[in-house]
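I wrote down each thing in the order in which I looked it up.

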Amino acid sequence: MPKIIPSLLVTNETDFESQIKSVTGLVDMIQVDLADGKFVPNTTWPYQEPQKAQKHLENIDFELHLMVEEPLKIIKQWINHKRLKRILVHIESTNDIESILSEIKMFHKEAGIVLNPTTSIYDAEPYFDKIDSLMLMGVKPGFQGQAFIPSTIDKIKKVKEINKNVFIEIDGGVNKLTITQIARAGADVICPGSAVFKGDNIENNITDLTNLLTA
Ligand code: DX5
């Protein structure tokens, strides 16, 4: 059964703090979106204030989703955080993904590649044996609440056909309507954003998604 790692895409400290508090104890890990307003047309608060954001992350394990033009610069700001488990880097954001993956692993953190919806899985294939995770975007990155791109399902299946050991995360458009087909296709992790944080009962949202995974 895929693991649920809620995705936090926030533009202020209040939302960041309240969303972390709302899922602490309900999930093992969260995903923090770092967006620089250049790689994607949105800027997130944790990107703008890394030191302040890191203080809110002392009590929960997290992974970082780097939607930035300078991944190495951001990695250096975050790499020593004791609760940081994994860093996910867009292959589209660098022409030297291999050295970035090595840099992350030198600090004993898991390293993953992220592919935008229009990027071919074959761009990442040469690194399948070097990564701890392959995250496939189900939406064009930058914002929450977008519609899931159906061709993502075929990408999951194709990756698993090529190498069943690749650990696949799906991020973007994961919700009650899409979660079952995403899980059936072979995803190991799903990263819902608005499906968890929208509305006033976050715990129920997580329970509903979990129940759909176990149905
Ligand atoms: C999209 C982000 C996603 C987003 C998912 O740019 O990388 O992590 O938070 O939000 P939903 O689940 O609402 O598509």
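Entry 1: How far does a backbone N or O atom of Phe-143 lie from an oxygen atom of the ligand? I found 3.4 Å for this pair, which falls under the term polar contact (a pair of N or O atoms within 3.5 Å; within protein, one must be able to donate a hydrogen and the other to accept it, and residues adjacent in sequence count only if both atoms are side-chain atoms). I also noted a polar side-chain atom of Gln-144 at 2.9 Å from an oxygen atom of the ligand, and a polar backbone atom of Gly-193 at 2.8 Å from a ligand oxygen. Taken alone the ligand exposes 380 Å², and the protein buries 100% of that; such areas come from the Shrake-Rupley method with a 1.4 Å probe, and for residues only the protein chains shown count as cover. There are 18 residues around the ligand, and those that come nearest are Ser-7, Gly-142, Asp-171, Gly-193 and Ser-194, where a residue is near if one of its heavy atoms lies within 4 Å.

**Entry 2: what I am looking at.** I remind myself that this is a predicted model, in which local features need pLDDT of at least 70 and side-chain atom pairs count only at pLDDT 80 or more, while totals for chains, interfaces and linings use all residues. Residues are numbered from 1 along each chain as its sequence is written, and side-chain values use heavy atoms, with hydrogens and water left out.

**Entry 3: the sheet.** I traced an open sheet of 9 strands with parallel pairing, in the order S1-S9-S8-S7-S6-S5-S4-S3-S2. Strand S1 (3-4) and strand S2 (7-8) are at the edges with a single partner strand each, so one side of each has no neighbour in the sheet. Strands (E, at least two residues) and helices (H or I, at least four) are DSSP runs numbered from the N terminus, and two strands pair if DSSP finds at least two bridges between them.

I then followed S4, which pairs in the parallel sense with S3 over 7 bridges and with S5 over 5 bridges. Glu-63 in S4 is the bridge partner of Gln-31, and His-65 stands opposite Leu-88 in S5. Buried means under 20% relative accessible area, exposed over 50%, and partly exposed in between (1.4 Å probe, protein chains only).

I looked next at S7 (residues 133-137) and S8 (residues 168-171), which pair in the parallel sense over 4 bridges. Leu-134 has Ile-168 as its bridge partner in S8, and Met-137 stands opposite Asp-171. From S8, Ile-168 and Ile-170 point one way and Glu-169 and Asp-171 the other, and all are buried. I recall the general rule that side chains in a regular strand alternate between the two faces of the sheet.

**Entry 4: helix H4.** Which residues of H4 (residues 71-78) are buried? I listed Pro-71, Ile-74, Ile-75 and Trp-78. They cover an arc of only 105° around the axis, which puts them on the same side of H4; the arc is that of the directions from the helix axis to the C-beta atoms. Their cover includes, among others, strand S4 (61-67), strand S5 (84-90) and helix H5 (97-106).

**Entry 5: three single residues.** Ser-93 lies in the loop between S5 and H5 and is buried at 13% relative accessible area. Its side chain reaches the backbone oxygen of His-90 at 2.7 Å. Leaving aside neighbours within four places in sequence, Ser-93 is in contact with Phe-39, Val-68, Glu-69 and Pro-71, contact meaning heavy atoms within 4.5 Å.

Ile-179 belongs to helix H7 (residues 179-185) and is buried, with a relative accessible area of 0%. With neighbours within four places left aside, Ile-179 is in contact with Val-174, Ile-190, Leu-209, Leu-212 and Leu-213.

His-108 sits in the loop between H5 and strand S6 (110-115) and counts as exposed at 74% relative accessibility. I also wrote down that phi of His-108 is near 60°, a positive value in a residue other than glycine.
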